[in-house]
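I opened this notebook to record what I looked up in the structure shown below. The entries follow the order in which I consulted it.

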Amino acid sequence: MTESAKLSGARPRLYQTPSSYYSMIARLALAEGGIAYERVFVDIHYRLSQQQPDYVRLNPGMTVPTLVLDDRVLVESRDIAQYALGVPTDVETQAWLDLHYGYPIEELTFGGILARNPLARILIPKRLEAARRQLLAHATENPDLASVYEARAAVFAGRIKAFEPDAVVALSQRRRTEAIGFMDRLEQTLRDGRPVLVPPAYGVADVVWTVFLGRMEFAGLGAEIPKRPALARYWAALQARPSFAVADIWTKFHVGRLIGGILGIGRN
């Protein structure tokens, strides 16, 4: 991956994972912005490629997405979306973005899986602990990056604690309740018939909430959308946009595609 750091006039390069929530935001924003780019698959699930030193030097947070430009590297989906569609200057758009990014979507996703699946409550914490140990091993092997790896290991320690079996059911319910509250807020805003969150045109706020609504379907909360007529109208319109298919927004779990990506079959 080290060759990606300097593009020398080439197209932007997006390091991403198809199933990654924040990668979807980046892909959708770039599609809406009409920006041609190269997709680079990062195996964050099996090989933990995001922990490799060359990627860490690119993105010390060891997350996806990462967008490499000629003059800079963007490692936050919010920054990538604003690069593609422009930095909003109005208070309303900024408020919608702040609301979205203040919500820990991974706690809804993984909390729900753990709450519903006793086997997952055993396997996922073990996987998190293995990743934490691997980070510490990388810290030993790469002294120049030791502090970065150790900081990331601390993040995983926090996740292990958050997903403790005794607490995860309550955590999942809390996040589900909050997500439903967000859908109520969207419904209230859209009730006046507006086609986008902040008129007159589709913008960065619509990008992030498109992916959020996709995750509601993914997380088993999709039945809440038709209960809210304005939100249902908005969601249907979002899915009809050409960018929705181009960006590959997941509304359900694709086991075959996940395995195929890991094996190098059909990566994009």
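I took helices (H or I, at least four residues) and strands (E, at least two) as DSSP runs, numbered from the N terminus. I worked on a predicted model, in which local features need pLDDT of at least 70 and side-chain atom pairs count only at pLDDT 80 or more, while totals for chains, interfaces and linings use all residues. Residues are numbered from 1 along each chain as its sequence is written, and side-chain values use heavy atoms, with hydrogens and water left out.

**Entry 1: backbone in the loops.** I looked up D248 and found this residue in the loop between helix 11 (242–246) and helix 12 (255–263). D248 is not a glycine, yet its phi is positive, about 60°. I noted D248 as buried at 14% relative accessibility; buried means under 20% relative accessible area, exposed over 50%, and partly exposed in between (1.4 Å probe, protein chains only). L48 also has a positive phi, near 55°, in a residue other than glycine. I placed L48 in the loop between strand 2 (38–41) and helix 2, and at 7% relative accessibility L48 counts as buried.

I then turned to cis peptide bonds. The bond from V64 to P65 is cis, with omega near 5°, and P65 lies in the loop between helix 2 (53–58) and strand 3 (66–68). The bond from P199 to P200 is cis as well, with omega near 15°; P200 is in the loop between helix 8 and helix 9.

**Entry 2: aromatic rings.** I paired rings of Phe, Tyr and Trp (its six-membered ring) if their centres lie within 6.5 Å; planes under 30 degrees apart count as stacked, over 60 as edge-to-face and the rest as tilted. This rule gives 10 aromatic pairs. Y103 and F182 form an edge-to-face pair, because their ring centres are 5.2 Å apart and their planes stand at 80°. Y103 is in the loop between helix 4 (91–101) and helix 5 (105–116) and F182 in helix 8 (residues 165–190), so the pair ties together parts 79 residues apart in sequence. Y103 is buried at 5% relative accessibility, and F182 is buried at 14%. Y103 also pairs edge-to-face with F212, at 6.1 Å centre to centre and 70° between the planes. F212 belongs to helix 9 (residues 204–218), and this pair links parts of the chain 109 residues apart. I recorded a cluster in which ring pairs link W96, Y103, F182, W209 and F212.

I next checked for charges over rings, which requires NZ of Lys or CZ of Arg within 6 Å of the ring centre and within 35 degrees of the ring normal. R185 lies over the face of W96, at 5.6 Å from the ring centre, and the charged end of R159 sits over the ring of F156 at 5.1 Å.

**Entry 3: helix 9.** How many of the 15 residues of helix 9 are buried? I found 13 of them buried, and the helix is mostly covered. G220, with a positive phi near 85°, follows helix 9. Contact means heavy atoms within 4.5 Å, and residues of helix 9 including D206, T210 and L213 meet L231, Y234, W235 and L238 in helix 10.

**Entry 4: Q82.** I located Q82 in helix 3 (residues 77–85), buried at a relative accessible area of 14%. Not counting residues up to four places away in sequence, Q82 touches V87, P88, L97 and V204.
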